[in-house]
Each structure stands twice: as structure tokens, then as C-alpha cells.
Amino acid sequence: MDEQLLAVIVGVVQGVLEWLPVSSEGTVALVLNLLGNADPGAAVQFALFLHAGTALAATVYYRDEIGDVLWTLPDLSADDPFGEGTADVSFLIVATLSSMVVGLAAYTALEALVSELAGGAFVALIGGLLVVTGIVQKVAESRGGIDRRTEPDLVDALAVGVLQGLAILPGVSRSGTTVSALLLRGHEGVESLRLSFLLAIPASLGAGLLSFEGLGMAPTAAVTALAVSAVVGYLTVGALVALVRRVAFWGVCVGFGTLALVGGGLLLL
């Protein structure tokens, strides 16, 4: 297949799947392997590289929120880092550091730990978790609601950071794991997406830089794929957030979870 056409295809795949509860990295690597006959190692490297494109998309989409977070940095206090007004920035710092530690360890063991079977199992697991989360949300709504958390705390940051670090492995959904964790901790749907996608920015940029060498594709094709993933990512993240604002989040969870279960089952076959 023509390399530029392949670059466009994988850019679209990354831009769409980055925000869904399926592994964009695993899917991009699979497409590169099937359509481009890429070496599995090079395919995973390029899939990681494309995260920089969707990180740019999230940065542009959440530019106002990022500005607000940076504005609160001088107000951080060691005595009460998760206090009113500074909880978001503390969450992002702690979660980013913990995901960095876990992600580097997972990246080191990548070849030994990941297989097609494991990838399918991970995708199906996240799908099942999202379906269960959606059902819990629906039951809670019918019984008058659950206790909602308005600010993230240290437990949220550590749990989400560890899960995001594990998402460097193909087959592990970053958005699926982090959003599910925040929902189960009592955060509202749109807020869970916001925190998850803000957290994705430093992690995705780090993954892109980490995999910059050995992409196995010409520089012009790599730039094309990166640009396409950024544009498509910007368009799709807006559509997803708009959908969550209009539709009950429990329905979104069940729908996306079912999709992930089907995808994981197909990978296991």
C-alpha cells in the first residue's frame, strides 16, 4: 500500500479511537502490520508516536481549562494540595508522575508482556468494566443518585495514574480505564472525561517523544499521520463530549463497553 495513504488511514484510526474505550495503540499497530507489513516492534513504536497528535488535539480543545490549571499553580500548598481551587492541578501532577513510573516499567517489559491474546483479553475486560459501570450508574440514578464527588483527591490521582501507565501496553484502553476509575469513584460523566483527557496530554506527549526513533516510516508520511491524527482527534473529542452532555452517560458506557467486548472477542478469535 502507498505509504502516504497508509499514513492517512492510521492517523484517522488514532484520532477516532484515542477517546473510545478500545486500544488505539493496539489497533494502529494491527493496521500497520496488516496493511503495511510493518515489523511488530516498529508498528508499536509508530502507534505510540501518534499519541502526540491526539495530545495536540486535546491541548487545543481544552486550552481554557489548561490555562485555568496553570493559573492555580502558585496557589499550591504542601499542607493541603487537594484543597479548593488546587485539586485539579494536584491531581494532574500526582497522576502524571505515577503514570510515568508505571509506564516506563511497562514499556521496558513491553515485548515480554504483550501478545495478541492478552490484548484481546484486556480490551474485553475494559468493555465489561464499562458495561458494569453503566449499569451501576443507571441503578444509582433510579434510586435517587449516588454521592457525587466534585473534586479529585489523592486516591483518584494514584489510581488513575497507575491505570494510565499500564495503558502504554497495546490492548489496554487508556480512556476506558481512567474514565471507568473516575466514574466508579463517584465523579460525573463529563467531569470524568475532562480529567481523563487533560491527563492524557502529558502522557501522550511523553509516549510520542519516547518512540520518536525507529518509526519505520518516511518522515513525510510520519508527519502526515501525525497531522491527520491531530485534526481527526480534535473533531472527535468535541463530538464525544457533546454526546455525553446530551445522552445519559450510563447509556454511553454500556454502548462503548459492548463495542469493546465485541472488539476484544474478535481479537481473541
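View A. L76 is partly exposed at a relative accessible area of 31% (buried is under 20%, exposed over 50%, partly exposed in between, with a 1.4 Å probe and protein chains only). This is a predicted model: local features need pLDDT of at least 70, side-chain atom pairs count only at pLDDT 80 or more, and totals for chains, interfaces and linings use all residues. Residues are numbered from 1 along each chain as its sequence is written, and side-chain values use heavy atoms, with hydrogens and water left out. L76 sits in the loop between helix 5 (63–71) and helix 6 (helices are DSSP runs of H or I, at least four residues, numbered from the N terminus). The patch consists of L70, L73, L76, I93, L97, M100, L104 and L210. Together they have about 670 Å² of accessible area (Shrake-Rupley method, 1.4 Å probe, only the protein chains shown counting as cover). Helix 6 (residues 87–108) gives the most, with four residues. Patch members have over 30% relative accessible area and no salt bridge; nonpolar side chains (Val, Leu, Ile, Met, Phe, Trp, Tyr) are joined within 5 Å, like charges within 9 Å.

**View B. The E18–R174 salt bridge.** The structure holds seven salt bridges (a side-chain nitrogen of Lys or Arg within 4 Å of a carboxyl oxygen of Asp or Glu). In one of them, E18 pairs with R174, with the closest N and O atoms 3.6 Å apart. E18 lies in the loop between helix 1 (3–17) and helix 2 (24–35), and R174 in helix 10 (residues 174–184), so the pair ties together parts that are 156 residues apart in sequence. E18 is buried, at 4% relative accessibility. R174 is buried too, at 10%.

**View C. A salt-bridge network around D156.** R185 forms a salt bridge with D156, the closest N and O atoms being 2.5 Å apart. R185 is in the loop between helix 10 and helix 11 (189–210), and D156 is in helix 9 (residues 154–166); this pair links distant parts of the chain, 29 residues apart. Salt bridges with shared partners join R149, D153, D156 and R185 into one network. R149 also meets D156, at 3.6 Å from N to O. D156 is buried, with a relative accessible area of 1%. R149 is partly exposed at 26%, and R185 is partly exposed at 29%.

**View D. W250 and L183.** W250 belongs to helix 13 (residues 249–268). Its relative accessible area is 28%, so W250 counts as partly exposed. W250 and L183 are 67 residues apart in sequence. Their C-alpha atoms are 10.0 Å apart in space.

Conventions
Helices (H or I, at least four residues) and strands (E, at least two) are DSSP runs, numbered from the N terminus.
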